[in-house]
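Here is a short report on one protein model. It covers a helix and its surroundings, a helix pair and a disulfide.

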Amino acid sequence: MLSRAAGMFAAFVAGLALVVAAVLVVRQIMASSEPELPVVPDARRPIVERAAKVCSALSVPLLAAQIHAESNWRPDADSGHAQGISQFAPDTWKEWGRDGNGDGKADVWEPRDAIPAQAHYMCHLYGVVGELPGNRTRLALAAYNAGPGAVVRARGIPTIHETRGYVDRIVNTLLPQYRKSEKRYQRSEAKRNRARSASPSASASSSPSPPAPLSARTTRRRL
């Protein structure tokens, strides 16, 4: 009777192990089939996060998706008519270029200058297209690519193949991807902060100092 029970238990354990292995294989297949999400480079994150606060229309995923479409995060990108990580045309840079890093000059090749300039220009474009029919984000992106005059004249996104492809790629593909990766980043940061606050060193630094010995307190009162 005992050997039969042991055999049944062994069979149960073996079956359970097979089920667990199958679940792990399925998870691995699903994980490998999911496309890798684009992320904000660590070196650019502080700049993008500050730039996203320039106006309420902006966000980290939106600016990141736009930079990805413009230059794929390359500060040396040069299309021949636009330059830098945010791809400013020379005339537009003359008006909107900013000294973001405080070195006394506005350099289109310097991301710390170009990304804040991009944010301020986008906020301006949101205002320009505010009275036009349609989605303001799509219109502002179209104005960034084709120029605000072209969007105002067309009373919407102009029939320019490059501009329409640019807007569609950002809004339909890159922006959702960066929103997902940003949520993942925020969850990871929240978990890291919780682990930090729960560590013994953090608890020790936050705990109150022990009271002074009675003799010391008595001496101070006498003084």
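## Helix H6 and its cover

Six residues of helix H6 (residues 136-146) are named here as buried: Leu139, Ala140, Leu141, Ala142, Ala143 and Tyr144. The model is predicted. The cover over the buried residues of H6 includes H3, H5, helix H7 (148-154) and helix H8 (161-198).

Both ends of H6 have something to show. After H6 comes Gly147, with a positive phi near 100°.

## H3 against H5

H3 and H5 also pack with each other, their axes 11 Å apart and at an angle of about 110°. That makes H3 roughly perpendicular to H5.

From H3, the contact uses Leu62, Leu63, Gln66 and Ile67. From H5, Ile115, Gln118, Ala119, Met122 and Tyr126 meet them. By class, the residues of this contact are 7 nonpolar and 2 polar, with no charged.

## The disulfide

How many disulfides does a search of the whole structure find? It finds 1. Cys55 is joined to Cys123, with an S to S distance of 2.0 Å. The pair links distant parts of the chain, 68 residues apart. Cys55 sits in the loop between helix H2 (45-51) and helix H3 (60-71), whereas Cys123 belongs to helix H5 (residues 111-128).

The torsion about the S-S bond of Cys55 and Cys123 is about -90°, so this disulfide is left-handed. Cys123 has a relative accessible area of 16%, so Cys123 is buried.

Notes:
Residues are numbered from 1 along each chain as its sequence is written. This is a predicted model: local features need pLDDT of at least 70, side-chain atom pairs count only at pLDDT 80 or more; totals for chains, interfaces and linings use all residues. Side-chain values use heavy atoms; hydrogens and water are left out. A disulfide is a pair of cysteine sulfur atoms within 2.5 Å. Helices (H or I, at least four residues) and strands (E, at least two) are DSSP runs, numbered from the N terminus. Buried means under 20% relative accessible area, exposed over 50%, partly exposed in between (1.4 Å probe, protein chains only). Axes are lines fitted to C-alpha atoms, for helices over the stretch in contact, and angles run from 0 to 180 degrees between N-to-C directions. Angles under 35 degrees count as roughly parallel, over 145 as roughly antiparallel, 65 to 115 as roughly perpendicular and the rest as oblique. Contact means heavy atoms within 4.5 Å. Ala, Val, Leu, Ile, Met, Phe, Trp, Tyr, Cys and Pro count as nonpolar, Asp, Glu, Lys and Arg as charged, and the others, Gly among them, as polar.
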